[in-house]
Amino acid sequence: MRVQLRKERGSKVRELGYIPGVFYGKDIETTMIQTDEKSLKKMFNEMGYTRSFDIELNGERHSVVIRDIQFDILNHNQIIHFDLLKVSEDDVITAFIPIRLVGREVVEKTGGIIQLVSDSLEYEFPANKGIPYLEVDVSQLEVGDTITAKDVVVPEGFVLRDEPTKPVVTLTTASVSDEVEADTETSTEDTAVDNEEED
């Protein structure tokens, strides 16, 4: 991805059709940069916050990861700012990696209800070994089973930073799910009644 140095403030850069950003890392000065939105969105969709890629700045190539993407509050598809962190093969970074379920249709055919409790987990890993997502196989789950963070299979060199017992996926039945929902509704109604009595 090509980026350019910028001298203008963010609002002016956006008026000119570019997205303002910041480029920083070890052994380099923080640099104000800009790029076109199409290229940035393409990289973000492919790499997310976990995979490194190369940028070209003033004729030099640098390996980076996206550390932050800011979207417009009123238009969630419009990027208004981005941060790039320079990395090397020896660097270790920390990021949340999305969860992708495999085999969901197998258990749902039998009437089971898959509940994704955590859609991502935080890991520490080599900057050049980032992966787009973690596959979690739920096809062998039985009702009442729970997959926790420590059960998720990860590549060598990945260190879990979340609580090992943090629930990721659970399998329940439709009846259990309905009971939980009913209990929640009842609790809400009771709270409303209590509030009316206090008034």
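Strand 9 and strand 12 (residues 159-160) run antiparallel to each other and pair over 2 bridges. Within this pairing, Tyr123 sits opposite Leu160 of strand 12. All of this comes from a predicted model. Strand 9 also pairs with strand 7, again in the antiparallel sense, this time over 7 bridges. One place to look for this second pairing is Thr94, whose bridge partner in strand 9 is Glu124.

In soluble globular proteins, nonpolar side chains tend to be buried together. Here, the largest nonpolar core has 26 residues. Ile114, Tyr123, Val136, Val138, Val152 and Val169 are the ones with the most contacts inside this core. Two or more residues each come from strand 7 (92-102), strand 9 (120-126), strand 10 (134-137) and strand 13 (167-173). Strand 7 gives the largest share, with 5 residues. Apart from this core lies another one, made of 18 residues, including Met1, Val3, Ile33 and Ile66.

Val169 makes a handy spot for exploring the 26-residue core. Setting aside neighbours within four places in sequence, Val169 is in contact with Leu101, Ile114, Gln115, Leu116, Val136, Val138, Leu141, Asp145, Thr146 and Ile147. Among these partners, Ile114, Val136 and Val138 also belong to the group with the most contacts inside the core.

Now for the loops. Most residues other than glycine have a negative phi. Asp27 is found in the loop that links strand 2 (19-24) and strand 3 (31-35). Is Asp27 buried or exposed? Its relative accessibility is 82%, so Asp27 counts as exposed, the cut-off being over 50%.

Asn58 lies in the loop between strand 4 (53-57) and strand 5 (60-71). Its relative accessible area is 62%, and therefore Asn58 is exposed too.

Back on the strands, Thr31 belongs to strand 3. A polar atom of the Thr31 side chain lies 3.0 Å from the backbone oxygen of Glu29. Leaving out neighbours within four places in sequence, Thr31 is in contact with Leu5, Gly21, Val22 and Phe23.

Methods: Residues are numbered from 1 along each chain as its sequence is written. This is a predicted model: local features need pLDDT of at least 70, side-chain atom pairs count only at pLDDT 80 or more; totals for chains, interfaces and linings use all residues. Side-chain values use heavy atoms; hydrogens and water are left out. A nonpolar core is a set of buried Ala, Val, Leu, Ile, Met, Phe, Trp, Tyr and Cys residues joined through side-chain atoms within 4.5 Å. Buried means under 20% relative accessible area, exposed over 50%, partly exposed in between (1.4 Å probe, protein chains only). Helices (H or I, at least four residues) and strands (E, at least two) are DSSP runs, numbered from the N terminus. Contact means heavy atoms within 4.5 Å. Two strands pair if DSSP finds at least two bridges between them. A polar contact is a pair of N or O atoms within 3.5 Å; within protein, one must be able to donate a hydrogen and the other to accept it, and residues adjacent in sequence count only if both atoms are side-chain atoms.
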